[in-house]
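Thanks for making the time this morning. I would like to talk you through one model, going from a strand at the chain contact out to the loops, and then over to a pair of helices.

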Amino acid sequence: MRPVAISVDPPEVSRSLANKAGYTFPILSDPDAAVIRQYHLLHLAGSPDGHDIARPAEFLVDSSRVVRWTNFTEDIRVRARADDMLASARQLR
Amino acid sequence: MPNPAGHRRNLAPWWGLLFAIGAIGCHGAFFLSSPLQGALPWLSLSLAVLALIFLVAGLWRALGQPQVYRGKALSVVLSVIAVLAIGLTAFAFVSARKLPSSIAAPQVGQRIPDFSLSDTSGKRLSLGQLLAASPGSPAPKAVLLIFYRGYW
């Protein structure tokens, strides 16, 4: 299973996040929120300074691009737990 | 503390503050396991209500029956602190849940459209590429797409 993170942050900001946190998985930039909008995950004026951002969401997508597991939090402080994500990936055969 | 007038101690504001701290603590324990997540806001709310009842009782005693109870200033100070703390916590609770609905988002079983976005080095990567084998690593069984609010 390959984790991929997506936000509206430009690549430079994502790079500093990856450097600081030591992430080695791909972090993708969607500065115009095109994909975020396409997936209906846009949070209008959601950032502290009022920019449009993505609402937190996690999807497990199989090799034929079919969604196999999702997690949509209702509270920005509560995100998918690593255990749950790994368990969902293990169930794929 | 000396108590020459023979006044009784007014412990209600202290209980109020204690329940307020409990309410805030429950609110802060959001990282606990998921089954508790649903119960915590209710526990928090109940403790906040208890806190307010004790604070009102404390103020009633201190201000309404000054000949029986002491601690007029203290009960006012404790009440203001507790109510401010509960108010801020309630505000944080409401703002953390101001999220748009996910009803229209892709659901389990749906095939999602491909996309192509820049990675941290500015290189374009498509979902198809992410699902395919790359030099040095076999094709993953799945890709976990993590949409996040951003880094600030």
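Let me start with strand 3 of chain B, which in this predicted model is covered on both of its faces. On one side we find B:Ala142, B:Leu144 and B:Ile146, on the other B:Val143, B:Leu145 and B:Phe147, and every one of these residues is buried. That two-sided division is what one looks for, because in a regular strand the side chains alternate between the two faces of the sheet. Since six of the six residues of strand 3 of chain B are buried, the strand is largely enclosed by the rest of the structure.

Which strands of chain A pair with strand 3 of chain B? One of them is strand 5 of chain A, residues 57–62, which runs antiparallel to strand 3 of chain B, residues 142–147, with six bridges between them. Within strand 3 of chain B, the residue standing opposite A:Leu60 is B:Leu144. The other is strand 1 of chain A, residues 2–7, and here the pairing with strand 3 of chain B is parallel, over five bridges. In that strand of chain B, A:Arg2 has B:Val143 as its bridge partner.

Stepping back to the contact between the chains, chain A contributes 57 residues to it and chain B contributes 43. If we sort the chain A side by class, there are 35 nonpolar residues, ten polar ones and twelve charged ones.

Two loop residues in chain A deserve a careful look at the backbone. A:His40, in the loop between helix 2 (34–38) and strand 3 (42–43) of chain A, has a phi near 60°, which is a positive value in a residue other than glycine. A:His40 counts as partly exposed, because it has 15 C-beta neighbours inside 10 Å. A:Ala45, which sits in the loop between strand 3 and strand 4 (53–54) of chain A, likewise is not a glycine and has a positive phi, near 50°. With 10 other C-beta atoms within 10 Å, A:Ala45 is exposed.

Finally, the helices of chain B. How do helix 1 and helix 3 of chain B cross? The axes of helix 1, residues 12–28, and helix 3, residues 39–64, come within 7 Å of each other and cross at roughly 165°. An angle over 145 degrees counts as roughly antiparallel, and therefore helix 1 of chain B is roughly antiparallel to helix 3 of chain B. The crossing of these two helices is left-handed. On the helix 1 side, the residues making the contact include B:Trp15, B:Gly16, B:Phe19 and B:Cys26, while those from helix 3 include B:Leu43, B:Leu47, B:Phe54 and B:Arg61. By class, the residues of this contact between helix 1 and helix 3 of chain B comprise 16 nonpolar, five polar and one charged.

Conventions
Residues numbered from 1 in each chain as written. Chains lettered and ligands numbered in written order. Predicted model: local features only at pLDDT ≥ 70, side-chain atom pairs only at ≥ 80, totals over all residues. Axes fitted to C-alpha atoms, helices over the stretch in contact; angles between N-to-C directions. Helix = DSSP H or I, 4+ residues; strand = E, 2+ residues; numbered from the N terminus. Parallel < 35°, antiparallel > 145°, perpendicular 65-115°, else oblique. Left-handed = near helix turned anticlockwise from the far one by under 90°. Contact = placed C-beta atoms within 7 Å. Nonpolar A, V, L, I, M, F, W, Y, C, P; charged D, E, K, R; others polar. Pairing = 2+ DSSP bridges. Buried ≥ 20, exposed ≤ 12 C-beta atoms within 10 Å, placed from the backbone.
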